[in-house]
Amino acid sequence: MKLTCLSKGDGYHFPPCYIITLCDFNILLDCPIDLSALTIFSPIPTSSYQPEAVEIPNSLLYSCEPKRRRIEKTLHADDLIHAEPCYRTVTNLNLWDVSSIDLVLISSPMGMLGLPFLTRNENFSAKIYATEAAATLGRLMMLDLVSMQKEFKQYYGTNQSEYPRWMTWEEIKLLHPTVKNIAVGENGADLGSWQPLYCAENVEKCTERLQYLKYGEETCFSDTLIIKPFSSGLEIGSSNWTICSSGRSITWLSSSIFDSAHAMNFDYHSLQGNDVIIFSDLSLLHSAAKDADGNRNFPTFQVPTASDVLAFRNGNDSEEEFSKSVVNTGESSEEMDKLAYICAHAIDSVKAGGSVLVPIGRLGIVLQLLEQISLSLKSSNLKVPILIVSSVAKEVLDYTNVVPEWLCRQRQEKLYSGEALFGHGDLIKRNNLHLFKEIHSPDFLMTFQEPCIVFSPHWSLRIGPVVHFLRRWSSDHNSLLVLEQGVDAELALLPFKPVAMKVLQCSFLSGIKMEKIQPLLDMLQPEYVLFPEDLRQQFPSHVTSSFSCIHYSINEMLHLPRVRDYVTNMETELAFQLEPRRMEHESIAIARLRGKIFIHNGKYVLVSMKEPIDSSIMHDLTHWDSPDSKLLLEALNGRGINGSISQDRSFLEISEPSKALIQFHPAQTIISTDEKALANEIFEALSTVLNKI
């Protein structure tokens, strides 16, 4: 097995990307795009809006991470790139020949946003697997991107060149250092990763190629690899994958949440017992605070002792103890507290006459905010409309109301009781919720009023309806903008300065917490765990544990030794043909056979040869045990060959008919002579005193 980490990603919206080579197949794990890089582009300007370069006041932060140091040279809105945005793909993936990729596995809707860039290449022929829910939501997200990009095309006109002017080195040299660093990277390698966005036709052709699986559903790729998805708890349809072959069993552990408030919980039970875990939950790398030098400060973590591990493994109630100490630790209630915090500030804003803007990012968080804000408005007796402005809003909400198998138990109970989340008839009216595809529609203009609460894409604050609402409310100190932690608020809000509206930046759980990783891995019992190099200090390879740690780096191929021997299944007909002989002083029996071996459903299978065997070519080719020197001398004498045994019985010297030497060693017997005929005679005599088949 070989592993190449193409990208560590950058949080929830840009998951990591890998290629593993197993049984001579190249498997791509996720194909995302870095949408956070859109911040280097300027939104489409309007005649009524002129940005200025001032600071952001009145920012409210709900964060465990200190604010980043300000750039010494002030960055102005004019320093951004004024052009139709391109989209940054995984740089190192562009170095691979797409025709060499055999299989693609998708962990989440975010992990498939870059797929159309591959599928529109005529040399790409890999099979693609995802859960039905991830594929459906991913398709809607891609179509929404295409719809938002349409506004830029109308403003800038159709770009006849695939190589925009801003990507020329003459223009890049003029970029502000902050913008330049995002655009080209430290060594300029990232410049080649920018591509014009795909079109709706590319999206439809891409999703037509996807093959859908349910959680726990097994499929076989090329009769060699068995693959299965299991719930990760991160998002609706998000999954971890197991990949099994006859000589290896692998778990691809993506970002996971034990106790999800909207998606089906993390199914860690189904990941037990696999040889290798690819630890791809890199949320720790992006959530850790940074010191003044830019180094990450991870939470303090005490590695469990050997007795702690045994308590999990050997205790009669080990599963119950694991659930108490790791699973049921109030993660869901912590997230609800954050949602309540947002709702409280939202209610304060609308009471003061301001409006609330929530850029659409994580679907699960949006669904929960819709519910909580609606309940908060009702309890406060406020008749404030909730607007969702998105080209795919209705489709997304409708879909979440018909897929109980992808939701957590609480959500399932709501749907089974006839209570929808949002999105249908009377429920929309009762909660004063309105859905619009765009802000330019007559229905929107007739319905829109202030104050109001608006959910709209895009969280980058560069494309989509959110740009228009920001320009309307950025100067209103009573209004509120809700951003996710991880978004560079200073850079994102640069085109909208001066900003008087309050900015509330919240962090939400997007992976396994540090203190839960070691107990989880000890419970899963792998042989090897592959960690990113950045986590070496947290999980050093020398730590005494139930597994071995191997650390990987970006764009370096990691070779993993084979963990177990290959196991072969034998056809019944062939098994009955065997005539095994038990070895002396051994607890095994061996037999000779003639058949064919092939791979079926990920397992090696031996079947009998149908054509008859010519007995004249059959020879006793297999011998074992060390020869008895006295019995060998007697067999040689019977063939007219004379000699003598050494005193220590380590060799037998032949004197006639010609000279020869037979040396006895624990693992081999060596015949030395210049006469080929004599050597054959000695070998035949030796065969008579050895066990054979």
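**Aromatic contacts and strand pairing in a predicted model**

Good morning. Phe436, Phe444, Phe448, Phe469 and Trp473 form one aromatic cluster. The structure is a predicted model, in which local features need pLDDT of at least 70, side-chain atom pairs count only at pLDDT 80 or more, and totals for chains, interfaces and linings use all residues. Residues are numbered from 1 along each chain as its sequence is written, and side-chain values use heavy atoms, with hydrogens and water left out.

I begin with the rings. A pair of aromatic rings is described by the distance of the centres and the angle of the planes. Here, rings of Phe, Tyr and Trp (its six-membered ring) pair if their centres lie within 6.5 Å; planes under 30 degrees apart count as stacked, over 60 as edge-to-face and the rest as tilted. The search of the whole structure finds 19 aromatic pairs. Among them is the stacked pair of Phe448 and Trp473, with 6.4 Å centre to centre and 25° between the planes. Phe448 lies in the loop between α14 (442-447) and β21 (453-456), and Trp473 in helix α15 (residues 466-473), so this pair ties together parts that are 25 residues apart in sequence. Helices (H or I, at least four residues) and strands (E, at least two) are DSSP runs, numbered from the N terminus. Are Phe448 and Trp473 buried or exposed? Both are buried, where buried means under 20% relative accessible area, exposed over 50%, and partly exposed in between (1.4 Å probe, protein chains only).

I turn now to the strands. Strands of a sheet pair through backbone hydrogen bonds, either parallel or antiparallel. Two strands are counted as paired if DSSP finds at least two bridges between them. An open sheet of three strands has the order β4-β6-β9, with antiparallel pairing. Because β4 (33-34) and β9 (194-195) stand at the edges, each with a single partner strand, one side of each is left without a neighbour in the sheet. Strand β6 (residues 87-89) is joined to β9 by two bridges, and Tyr87 stands opposite Gln195.

Strand β14 (residues 249-253) runs parallel to β15, joined by four bridges, and Leu253 has Phe279 as its bridge partner. β15 also pairs in the parallel sense with strand β24 (residues 528-532), over three bridges; there, Val276 stands opposite Tyr528.

Thank you.
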